[in-house]
Amino acid sequence: MTITQFKEILLYNKPSFSYRGKEYGICNPNGIFGVYAEDKPSDIELCFQNVNDLLDGWMIQEKPFRQILPEIDLV
């Protein structure tokens with residue numbers, strides 16, 4: 001998935017995805033991005049101010065989300 005596709009999906013959805021056997025999700029209440037990570041429950045407390053913060057600041061299995069984005073399919 002490209003960054004452009006990801007940004008378009010975020011406009012209308014609360015996407016979720018699987019990566020290396022773990023489940024993850026993103027929501028966008030009130031313009032703030034919240035996340036869920038099956039393998040890291042403390043991530044539920046993370047908030048990101050914009051898409052770039054989310055892509056660069058959310059670490060998934062020790063990689064920035066931006067790095068794994070091309071490997072996943074959002075649903």
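Read from the N terminus, the order is α-β-β-β-β-α-β-β-α. The radius of gyration is 11 Å, close to the 11 Å that the globule rule gives for 75 residues, so the protein is as compact as a globular protein of that length. That radius is taken over C-alpha atoms, and the globule rule is 2.2 Å times the number of residues to the power 0.38.

A word on what you're looking at: this is a predicted model, in which local features need pLDDT of at least 70 and side-chain atom pairs count only at pLDDT 80 or more, while totals for chains, interfaces and linings use all residues. Numbering starts from 1 along each chain as its sequence is written, and side-chain values use heavy atoms, with hydrogens and water left out.

Back to the overall picture. Along its principal axes, the C-alpha trace spans about 25 × 25 × 20 Å. Of the 75 residues, 33% count as buried; buried means under 20% relative accessible area, exposed means over 50%, and partly exposed is in between, using a 1.4 Å probe and protein chains only. Take the contacts (heavy atoms within 4.5 Å) with a separation of 6 or more: residues 24 or more positions apart account for 40% of them. The protein exposes about 4600 Å², and carbon and sulfur atoms supply 51% of that; the areas come from the Shrake-Rupley method with a 1.4 Å probe, and for residues only the protein chains shown count as cover.

Now the charges. Lys and Arg count as positive, Asp and Glu as negative, and His and the chain ends are not counted. Each charge is placed at NZ of Lys, CZ of Arg, CG of Asp or CD of Glu. On that basis there are 7 positive and 11 negative charges, and their mean positions are 2 Å apart.

Next, have a look at the backbone. Most residues other than glycine have a negative phi. Gln61, though not a glycine, has a positive phi of about 50°. Gln61 sits in the loop between strand 5 (59-60) and strand 6 (63-64), and Gln61 is partly exposed at 25% relative accessible area. Glu62 lies in the loop between strand 5 and strand 6 too, and has a positive phi of about 70° without being a glycine. Glu62 counts as exposed, with 77% relative accessibility.

What about the cysteines? With a disulfide defined as a pair of cysteine sulfur atoms within 2.5 Å, the count comes to zero. Cys27 is in no disulfide, as the nearest cysteine sulfur, that of Cys47, is 8.4 Å away. Seen from Cys47, the closest cysteine sulfur is in Cys27, and 8.4 Å is too far for a bond. Cys27 is partly exposed, at 30% relative accessible area.

Two more residues are worth a stop. Lys7 is part of helix 1 (residues 3-12) and is partly exposed at 36%. Leaving aside residues up to four places away in sequence, Lys7 touches Val51 and Asn52.

Ile44 lies in the loop between strand 3 (33-37) and strand 4 (47-48), and is exposed, with a relative accessible area of 55%. Its contacts, again not counting residues up to four places away in sequence, are Val35 and Tyr36.

Notes. Helix = DSSP H or I, 4+ residues; strand = E, 2+ residues; numbered from the N terminus.
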